[in-house]
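User: I am new to this structure. Please take a close look at a single part of it, then connect that part to what surrounds it.

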Amino acid sequence: HIHDKDMMFGLARIYADDKWDGISNIETANYFFRQASQFYICSPNDMIYIAESYALGINGAQKNKQLEQEWLSRFQKFVPASPHEKMQYAASILASPLFENYLEKEKILSFVTDEANNNKVALNLIANYYLTNPSDKNEAANWMIKSAKYGETGSMLTLGKLYLSGYLVEPSLKDAKYWLQQASNLGDEEAKNILKRSEFLR
């Protein structure tokens with residue numbers, strides 16, 4: 001019997017993250033998350049991960065409307081206490097297909113946009129949100145450029161790839177090389193590999 005809350009939560013994450021024999025087992029993860037949540041509040045990301053798994057029948061789970069609704073209800077009752085938790089909560093809503101028609105989404109988007117002026121995490125979040133929801137291509141490109149200039153490595157990599165492909169921005173080998181090099185200098189392995197493989201970027 002496992003009574004230690006941290007151990008239960010750790011096992012839940014292992015099963016959810018494909019770290020047990022390389023196979024995700026959301027059913028087992030669900031059990032340990034339930035046990036751990038008696039003592040420890042799961043993060044918004046964890047609750048949405050499980051809800052999505054049951055909603056879409058992914059990550060080793062069978063579709064189960066009851067369990068989907070149970071974990072969505074837990075998520076919606078969650079009250080973020082710290083700035084970090086508020087950002088996690090917002091990120092979960094903006095990234096999940098379960099909230100595509102969520103009435104409060106615009107309010108969440110406004111909150112993250114306001115925070116993006118002086119918050120690196122919020123800036124990266126809003127940049128990636130517009131990248132995957134490019135209703136306005138200029139808006140998407142502008143946020144990604146802001147995030148990259150702020151020093152977000154992932155945004156530097158993404159921006160380099162955008163300039164390579166010409167998606168959302170005018171294609172530019174010069175700008176692609178610049179941003180990929182910036183990401184590479186900060187240790188991004190994918191950026192290093194792109195620069196190494198692409199003769200025209202050398």
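**A buried threonine and the helices around it**

Analyst: T158 counts as buried, because its relative accessibility is 19% and the cut-off for buried is under 20%. The model is predicted. T158 is found in helix 9, which covers residues 153-165. Leaving aside residues up to four places away in sequence, T158 touches L131 and M144.

Those two partners lead to the next pair of helices. L131 is in helix 7 and M144 is in helix 8, and both take part in the contact of these two helices. So T158, itself buried at 19%, touches two residues, L131 and M144, that belong to the contact of helix 7 with helix 8.

Now look at that pair. Helix 7 runs over residues 120-132 and helix 8 over residues 137-149. Their axes are 8 Å apart, and the packing angle is about 150°. That angle makes helix 7 roughly antiparallel to helix 8, because angles over 145 degrees are counted that way. The crossing of the two is left-handed. On the helix 7 side, the contact has L123, N124, I126, A127, N128, Y130 and L131. On the helix 8 side, the residues are E139, A140, W143, M144, K146 and S147. By class, this contact of helix 7 with helix 8 has 8 nonpolar, 3 polar and 2 charged residues.

Helix 5 covers residues 83-95, and helix 6 covers residues 105-115. Their axes come within 10 Å and cross at roughly 130°. That makes helix 5 oblique to helix 6. Here too the crossing is left-handed. Helix 5 brings K86, M87, Y89, A90, I93 and L94 to the contact. Helix 6 meets them with K105, I108, L109, F111, V112 and E115. By class, the contact of helix 5 with helix 6 has 9 nonpolar, no polar and 3 charged residues.

Is V79 buried or exposed? V79 is exposed, because its relative accessible area is 64% and the cut-off for exposed is over 50%. V79 and P44 are 35 residues apart along the chain, and their C-alpha atoms are separated by 9.7 Å.

P44 takes us to helix 3, which spans residues 44-56. This helix has 13 residues. From its first C-alpha to its last, helix 3 reaches 18 Å, close to the 18 Å expected at 1.5 Å a residue. How many of its 13 residues are buried? The count is 10, so helix 3 is mostly covered. P44 is one of the buried residues, and D46, M47, I48, I50, A51, E52, S53, Y54 and A55 are the others. After helix 3 comes G57, with a positive phi near 70°.

Last, the whole protein. It has 11 helices and 0 strands. Read along the sequence, the pattern is α-α-α-α-α-α-α-α-α-α-α. Among contacts with a separation of 6 or more, 48% join residues 24 or more positions apart.

Conventions
Residues are numbered from 1 along each chain as its sequence is written. This is a predicted model: local features need pLDDT of at least 70, side-chain atom pairs count only at pLDDT 80 or more; totals for chains, interfaces and linings use all residues. Side-chain values use heavy atoms; hydrogens and water are left out. Helices (H or I, at least four residues) and strands (E, at least two) are DSSP runs, numbered from the N terminus. Buried means under 20% relative accessible area, exposed over 50%, partly exposed in between (1.4 Å probe, protein chains only). Contact means heavy atoms within 4.5 Å. The expected span of a helix is 1.5 Å times one less than its number of residues. Axes are lines fitted to C-alpha atoms, for helices over the stretch in contact, and angles run from 0 to 180 degrees between N-to-C directions. Angles under 35 degrees count as roughly parallel, over 145 as roughly antiparallel, 65 to 115 as roughly perpendicular and the rest as oblique. A crossing is left-handed if the near helix is turned anticlockwise from the far one by less than a right angle, and right-handed if clockwise. Ala, Val, Leu, Ile, Met, Phe, Trp, Tyr, Cys and Pro count as nonpolar, Asp, Glu, Lys and Arg as charged, and the others, Gly among them, as polar.
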